[in-house]
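Hi,

Here is the structure I promised to pass on. Have a look at it first, and then read on for what I found.

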Amino acid sequence: MEKIELFLLRRKKGIKLREIAEYIHCSIAMLSLWENDKSNLDVNKQVMYKEFIERY
């Protein structure tokens with residue numbers, strides 16, 4: 001699943017960035033920058049992001 005699909009799924013499920021940030025131990029700002037293609041995110045954190053959204 002691509003990043004844009006995950007973003008849309010996150011929004012559809014009503015998942016807040018705060019919830020994911022707490023789960024993967026990073027800042028909300030970092031996740032926002034990554035979702036908007038303005039920053040990179042560690043591969044392990046990307047996997048955790050995807051897992052959180054799929055399991056929510």
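The buried residues of α3 are covered by, among others, α1 (3–13), α2 (17–24) and α4 (43–55); please keep in mind that this is a predicted model. Which residues of α3 are buried? They are Leu 31, Trp 34 and Glu 35. Because these residues cover an arc of only 95° around the axis, they sit on the same side of α3.

Glu 35 is the residue I would like to show you in more detail. The helix α3 spans residues 28–35, and Glu 35 belongs to it. Is Glu 35 buried or exposed? Its relative accessibility is 14%, and because the cut-off for buried is under 20%, Glu 35 counts as buried. Leaving aside residues up to four places away in sequence, Glu 35 touches Lys 3, Phe 7, Arg 10, Leu 17 and Tyr 49. With Tyr 49 there is also a side-chain polar contact of 2.5 Å. After α3 comes Asp 37, which has a positive phi, near 55°.

Now to the pair α1 and α4. Their axes come within 10 Å and cross at roughly 40°, so α1 and α4 are oblique to each other. The crossing of α1 past α4 is left-handed. On the α1 side, the contact is made by Leu 6, Phe 7, Leu 9, Arg 10 and Lys 13; α4 contributes Tyr 49, Lys 50, Ile 53 and Glu 54.

Best wishes

Conventions. Residues are numbered from 1 along each chain as its sequence is written. This is a predicted model: local features need pLDDT of at least 70, side-chain atom pairs count only at pLDDT 80 or more; totals for chains, interfaces and linings use all residues. Side-chain values use heavy atoms; hydrogens and water are left out. Helices (H or I, at least four residues) and strands (E, at least two) are DSSP runs, numbered from the N terminus. Buried means under 20% relative accessible area, exposed over 50%, partly exposed in between (1.4 Å probe, protein chains only). A polar contact is a pair of N or O atoms within 3.5 Å; within protein, one must be able to donate a hydrogen and the other to accept it, and residues adjacent in sequence count only if both atoms are side-chain atoms. Contact means heavy atoms within 4.5 Å. The arc is that of the directions from the helix axis to the C-beta atoms. Axes are lines fitted to C-alpha atoms, for helices over the stretch in contact, and angles run from 0 to 180 degrees between N-to-C directions. Angles under 35 degrees count as roughly parallel, over 145 as roughly antiparallel, 65 to 115 as roughly perpendicular and the rest as oblique. A crossing is left-handed if the near helix is turned anticlockwise from the far one by less than a right angle, and right-handed if clockwise.
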